[in-house]
Amino acid sequence: MTRLLATTALAALMAGSAFAVELKVGAANVTTYLDPGRDHSNVGSQFYYNSFDVLVEKNYDTLETEWRPGLATEWKLVEPTVMELKLRQGVKFHNGDAMTADDVVFSLNRMYQADFPPYQVRARDRLANFEKAEKVDEQTIRITAKKEEPLWETLLNLQQVMIVPMKYTMSLAGDPNALEHDDFEAFSLKPVGTGPYKVAELAPGERLVWERFDDFWGDKAPLERVTVTQIPETASRITALKTGEVDLITNVAPDQLTLIEQDPKLKAVGSATALFHVMIMNVNHPTLKDPRIRQAMSLAVDRDTLNEALWFGKAIVPSTHTMQEYGPLYMPDLVTFEYNPEKAKELLKEAGYNGEEIVYTSFPTYYTNGLLAAQAIVDMWKAVGINGKVEVNDKWTGGAPEMMARNWSNPMYFADPFGSFGVMWAPGGPSQSEGRFNTDEAYAESWERFRFSKDIEARKAAYAELMDRIKADPPLLPLYRPYESWAMSTNIDWAPKKGHIPYVLDFRAGSITFATN
Amino acid sequence: MIAYAVRVIAKALVTFLAIVTLVFFFTRITGNPIDYVIGQGITQEDRALLMTYFGLDQPLWLQYLRFLRAFVDGEFGLSFVERRPVTEIVADRLWPSLQLLGSGLALTLLLSIPLGIVAAIERKSWIGNAVMSFAFIGYAIPNFVLATFLILIFAYWLNWLPVVGNGTALHFIMPTITLSGVMIAALTRFTRNAMLDVLGQDYMRTARAKGLSERQGLFKHGLRNASITILSVIGLQVAGLAASGNVVVEAIFAWPGIGDLLVRSAIQRDYPVLQFGVIAVSVAVLTVNALVDIAYAYADPRIRLARA
C-alpha cells in the first residue's frame, strides 16, 4: 500500500503520461485459460478486454449504443449481405508481429467456419449467420452473411471474434505452418492479442499478470502492471484488502458490504449484473404438462420479497425478459411475469392439481443465494397449495426428463435480446434440445422476425409475441438480476462500466484513476 | 529386513491399484465435465460433439484401459479445463503443498516431542498440567477457527503477516501454525502417554539400577521404546493431512496447493486431473505409510524378526 501511495504521488507529478503504478487485484476466481473464441464464462469474461481488441468498438460508458472504430476504422455494406471493413494500420500484436488482413480473416473464420469443436459450439449459438471472411487487399476485408444481418456491429463487437495472430497461433504446436486443434489448445495458455496489456504470466486458476504493452495502437494503459491473484475465500479476500495486500477485490457478497463500508480506507462499488438468475420449469414433465400449473408456480413467487431478503433490495426484478442494456429494444412496459398468489390458487384448482410433489433442484453454491432462493420459493409455493420440495444437487440436471424445476442463469452475452433470451430459448436451442421446452412453427416464425427484421419496431413486436408465448406456456421465470460488488481502497477510482458484458475488469485508459488524496 | 520391506511395498501397490480403479469409476458416475467446462447452455448435439472431442464417447472399459496404459507410457492426458498435461498441473501444485506439509511437520516434531517428554516427567507438577491443557485446547480448536484468530491478530490488528499466497518466508508462518496446531496437540499427548507407559516398565528400573543417569535412561531406552507409538501417530497425521487436511488451510490462505486443485477438479469433474492428483496423493500417503512401517522395524527389532 505504501508503495501504491508513493507511486501515486509520483504519477500525479507525471501528468499526461501513463502511471508507473502496479495494481494488485484479489479475485474470487482466476481463469484457467484465455481463449476469447471458446470462452463465454463469467470467470473468463473478466480478463479479455484488457488484452484483446475487436473490429468494432463501443462506448462502454453509456447504455446507449454508440459504435466506435476498433481494429476496423470504417465499415459499410457493399451488398445486402456483404460488409466491407477498412483495417487500422500500424497495429501490433504483443509478440511484435504487425496485424495484417490475414490475421483478421483468420480470427473471424476460426469462428465462422469453425472445425475445432469448442469454437463450433460457441459459433453456432450466436454466429451462425456468418458464412465467411475474405481479404480484399492488405487494408480491406469483406464478411459475407447468409441472410441480411440487422446486428452487424453487435456481432463484430463480441468477445468471440476478438482478433488473434495467425502465424503465432499456427507455430504453437505440431507443424508451424499448419493449423491444428492443438494450436488453439496451446494458445489458450499463451494468449497474444493487440490490447493495451499483454499477458505476462498465466498460472491457471492461481494468478494472472498483465504488463503495459508499449506498442498499443490506442491510448496507453494507465497501469504498468496488474497482478490478479485468486483468493477463493471471501473473508480472506476482504482481509487482504484491509491489510493492503491487494488494492481491489471482486465478488463481495451483499451481506459483507457493511465490513467495507465501516472502514474509512475502503469503498465498494456495485451494479445489478446483466444476467438473470432464473427458475426453469420442465414443460414436458408429466406433472407439469398443464401450463396452468407452471403459471401458478410462477405467479406464486414474490420476487420483490426475495430481492429485499436476499439482496437488500439491490437486485433488479424484471417484468419481462428484458434489460436496460438492450437500448432501443429494452421493453420494460411488457408484463410477462408477475406475483399473484390468488390467481395461482385459481389456476391450480382449474388444472385439477392434487398435491403432487414438485421438486425444485438447486446447485448447492454455484449461484449466490441460489439455495436460499430455492427454499423461499418452495415456501411461497406452499402458501398457494403447491407441495414443493428442495433437492440439492451439484450436477446439472437441465437435460434430465425427471427434472421438474431448478435454478439456472440467462446471462447477457451481448447487448441485445438475442444475446440472452435469443440464445437460450431459440428454436432448437439449448432449452429445447434438452427436452424441457417446446417450440412450433409459429414460435419459430416470431423468433425469425425478432432475430432478422431490420426495423426495430418489427423486432420489438416479434419479441412481444415470443413473450406472450412464454407467458401462456411458461418454461421459465427470471427471478432477478443479482447485485455484484467490488471493493477497493479509497484512492482508486474504478467501477464496472455499464456498456460491458458482466464482470469485465476494464483497466484501459480512462477506466481507472487514482484520486489525489 | 529386505523381505519385510518387499512385503510392505507389495501391499502398498495392491492398495494403490484399488484406489485408482475406484477413483476412475466413481468420478464418472457423479457427473459430466461438459457442463462445467463449457457451461450449461448448449444443445445436445453440441454436447455430443464435445464428448467426442474429449474422448468421453468411448466405452467405459476402453477409457479405463487407456487410463491404465498411462502407467506404462506416462501419458496421463490433458486437463479438460486447463488443456495442459495433468502431470504438469499436479507437479505445479504438489510442491507448495509439500513445502507446507514439511514446515508443518518440522514445527510439530520440534515442539511436541520435547513437550510430551516434559509433560511425562513433570506429570505431577503445574508444568505438566499446563502442557496438557495447552494440548487439549489445541486439539479442540478446529483449524479454520485457529486460522481466523491468527489472521485477526497478526494480519488484521498488527499487520505483521501477509494473509494470501506463498511468495515469501513470512507467508509460511500462519498456514504452518494452522496446519500443525492439531498435530502438535495430538503428538504431545501421545508422546506423554507413550513415555509414561515406558517409564513404568521393568527395563527402565534396570537402566536406573545399572547406573544410567535419568537423562541417559530417558533417551536411550525410554524414547526409543516410545518411538513406535510416536511414529504411528506421525504417519497417520501426515497421511491424513496429505490426503485432505490441507484443503481448508489452502483455501483460507489462498495457498496454491494440491488440496485446492483436487477440490476444484472434483467439482468440475475434470477427470484427468482428479485421477492423476489422487494418484500423486496416494503415492505420497502410501510412501509415508511404507516408510513408517520400515521405520518401525528399524526402531524395534522384534517387528522385523517376527514379520520377516
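Predicted model: local features only at pLDDT ≥ 70, side-chain atom pairs only at ≥ 80, totals over all residues.

**Exercise 1. Describe the build of chain B.**

Solution. 
Step 1: Begin with the secondary structure. Chain B has 13 helices and 0 strands.
Step 2: Look at the overall extent. The C-alpha trace of chain B spans about 85 × 55 × 30 Å along its principal axes.
Step 3: Ask how much is hidden. Of the 308 residues in chain B, 48% are buried.

**Exercise 2. Work out how chain B and chain A meet.**

Solution. 
Step 1: Find the residues in the contact. Chain B gives 37 residues and chain A gives 41.
Step 2: Give the area. About 3300 Å² is buried between the two chains, with 55% coming from carbon and sulfur atoms.
Step 3: Look for polar partners. Between chain B and chain A there are 9 residue pairs in polar contact, both residues being at pLDDT 80 or more.
Step 4: Name the elements on the chain B side. Those giving two or more residues include helix H2 (33-37), helix H3 (44-53) and helix H10 (214-252) of chain B. The largest share, 7 residues, comes from H3(B).
Step 5: Sort this side by class. It has 19 nonpolar, 7 polar and 11 charged residues.

**Exercise 3. Examine a salt bridge that crosses the interface.**

Solution. 
Step 1: Start with the count. The interface of chain B and chain A holds 4 salt bridges.
Step 2: Check the surroundings. B:Arg93 and A:Glu206 are both buried.

**Exercise 4. Which parts of chain A does the salt bridge of A:Asp61 and A:Lys497 tie together?**

Solution. 
Step 1: Confirm the pair. The side chains of A:Asp61 and A:Lys497 meet at 3.2 Å, N to O.
Step 2: Locate both ends. A:Asp61 lies in the loop between strands E2 (56-58) and E3 (67-69) of chain A, and A:Lys497 in the loop between strands E19 (492-494) and E20 (512-514), so the bridge ties together parts that are 436 residues apart in sequence.
Step 3: A:Asp61 is partly exposed, its relative accessible area being 49%.

Terms used: Residues numbered from 1 in each chain as written. Chains lettered and ligands numbered in written order. Heavy atoms only, no water. Contact = heavy atoms within 4.5 Å. Buried area = accessible area lost by both parts, 1.4 Å probe. Polar contact = N/O pair within 3.5 Å; in protein donor to acceptor, adjacent residues only side chain to side chain. Helix = DSSP H or I, 4+ residues; strand = E, 2+ residues; numbered from the N terminus. Nonpolar A, V, L, I, M, F, W, Y, C, P; charged D, E, K, R; others polar. Buried < 20%, exposed > 50% of the residue type's maximum accessible area, 1.4 Å probe, protein only.
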